[in-house]
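Hello,

Here is the structure I promised to pass on to you. Have a look at it first, and then read on for what turned up in it.

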Amino acid sequence: MIINRQNYQIWITDYYDGQLDDFQTEVLMDFLSDNPDLRSEFEDYPDFFISPDEKAQFDNSELLRTPEQLTNDQVEHFSIALCENDLSEKQKQDIAELKKSDPRFRKSIRVYEKIRLKPDDTEYPDKALLLKIPGRRKTMGILFTSLSMAASIAIITGLFFIFNRQSPPGIDDGSAIATISESEAEQEIQERPPLLDLTDEMPRYIPAKTEVLVAESVSTPEIIEDESIILDKEFREPIIHLAMCEEIKLDDRQAHYLLAEIKPYNVPLLFATDDTSDMSVREFLAYQFRKKILEEEDPGIEQLKAWEIADAGIKGVNSLLGWNMELQTGKTEDGKLKDISFTSELIKFDHKSRKNNPGL
Amino acid sequence: MTPQQYNKAVEEYSDRIYRFVLKSMGDQDKSRDVVQDCYEKLWINVEEIEYGKAKAWLFTTANNGMIDVLRKEKKFVAVDSPPEDIHDKAYSDLNEILHQCLSKLNDSWRSVILLRDYEGYSYREIGEITGQSEAQVKINIYRARMALRKMIGKMEVLV
């Protein structure tokens, strides 16, 4: 910007504000030399600066705060901050000074130093179960797949045995009838009235004095000898017939199964036992599974657990393949599942049962 | 993380995680389940998680699992209600009293104070574990300390 009579005030103002460099100052002085009438204006300019009135003072004593005027909440806030190491070094020094003069700081800091939780010696009791054997992760998937397959096989096998149970020794048609001469047997069969009327929905009374009789219970058949049949005692064993019963006690569902399976001379009366007559199908299956597959002495009727099915599967695989796997369960005093351990030649692991899901 | 490092994480952190969850929930069985869940999840993700981050990851997972359980139970406790008869007991074991009072804090305060005192985590680390902002963690710790102080009662008894 070139100095002239229209803008020389800016140059003078900048000069007194210290905004001009040496060259600009020299330019300004040359301009004033060329314009002496402006020289007095330049020299009088500092007189128009206003200086602060040093006598005017505000009484701020009411605004100043002493440590005694801090509220208890403020004291506690600073105490906590000190204990949490949230203060700067300057603030820490200030608090240290306050601590000397204000007893509230001393007490508060001491309290908050004490209100710090100290961990006790609590230990996680199942730590051993969390540890992993290297390489186990991959084999676990294979193992559980195998166990699932084994369990499926076990269930199918179990159901096969339950619903296709063979008759007790002595009432099998093949062996019994074979002891009679063919003509006699044919005659016997033709003269026999039907054992059950299969055209009805429910089995009815078996006519009395039929020669082939029905056992009241498979487990305790009463064996009698029918003297009316002529035997060849030298070559043939006596024909054995089961005791006659007046009525077969079955509910609708049991009757349905019975009607599907029943054959003349070979009546599987599995359902007619006193132990299972009042059970639902689910209870019956659970009971028979435990009794026949797991071979428990006192089988319960409660719902089957996953580990029971797995156990049956493992037993089935052992018998089929000759392996030596074993699934053991630990139970609490009240009979609840506590833990499961699996052992085999390749792998071994333990699993703790969850308290919230004891059924695994 | 290798299986060996996983096992090391079990040895080093399972007690801490369990203690944190147990003090927060107050139920041994549920706490054991939460810890077991944490390590099952860690094992599932063992290849993705670095060992150096396992501790924070476990605490985060434990905290989340714990919150899920507590939410299901709808366990809400009044903040300022002190334990019964707390003031009638002798202050023979301050730590025991503090733990009694701790159970009366709300879940957020209890978690941050446990992580701060037990594990010595910074505000930022606690924030990462609990999902709170650093400022919120700081506020919660301050409020929890003052609540504990209020529950315990007379300052002179402690001093």
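Of the 159 residues of chain B, 40% count as buried. Please keep in mind that this is a predicted model, so every value here is computed from that prediction. Chain B has eight helices and zero strands, and from the N terminus on its elements read α-α-α-α-α-α-α-α. Among its contacts between residues at least 6 apart in sequence, 66% join residues at least 24 apart.

Chain A is built with 13 helices and five strands. It has 360 residues, and buried ones make up 17% of them. If you take the contacts in chain A with a separation of 6 or more, residues 24 or more positions apart account for 51%.

Next, two details of the helices in chain B. The buried residues of α4(B) are Ile97(B), Cys101(B) and Leu102(B). They lie on the same side of α4(B), because they cover an arc of only 145° around the axis. What covers these buried residues includes α1, α5 and α7 of chain B.

How do α6(B) and α7(B) pack, and at what angle? Helix α6, residues 123–130 of chain B, meets α7(B) at an angle of about 100°, and their axes are 8 Å apart. Angles of 65 to 115 degrees count as roughly perpendicular, so α6(B) is roughly perpendicular to α7(B). On the α6(B) side the contact is made by Tyr123(B), Arg124(B), Ile126(B) and Gly127(B), and on the α7(B) side by Glu134(B), Val137(B) and Lys138(B). These residues divide into three nonpolar, one polar and three charged.

The two chains also meet. Their contact takes 35 residues from chain B and 25 residues from chain A. On the side of chain B that touches chain A, at least two residues each come from α1 (3–25), α2 (28–44), α4 (94–102), α5 (107–119), α7 (134–152) and α8 (155–158). The largest share of that side, ten residues, comes from α1(B). By type, the residues of this side of chain B divide into 21 nonpolar, six polar and eight charged.

Finally, one residue in chain A to look up. Ser341(A) sits in strand β4, residues 337–343 of chain A. Is Ser341(A) buried or partly exposed? Ser341(A) is partly exposed, because 13 other C-beta atoms lie within 10 Å, while a buried residue would need 20 or more. Leaving aside neighbours within four places in sequence, Ser341(A) is in contact with Gln328(A) and Asp350(A). Glu326(A) is 15 residues away from Ser341(A) along the chain, and the C-alpha atoms of the two are separated by 8.2 Å.

Enjoy exploring the model, and do write back with any questions.

Best wishes

Conventions:
Residues numbered from 1 in each chain as written. Chains lettered and ligands numbered in written order. Predicted model: local features only at pLDDT ≥ 70, side-chain atom pairs only at ≥ 80, totals over all residues. Contact = placed C-beta atoms within 7 Å. Helix = DSSP H or I, 4+ residues; strand = E, 2+ residues; numbered from the N terminus. Nonpolar A, V, L, I, M, F, W, Y, C, P; charged D, E, K, R; others polar. Buried ≥ 20, exposed ≤ 12 C-beta atoms within 10 Å, placed from the backbone. Axes fitted to C-alpha atoms, helices over the stretch in contact; angles between N-to-C directions. Parallel < 35°, antiparallel > 145°, perpendicular 65-115°, else oblique. Arc of directions from axis to C-beta.
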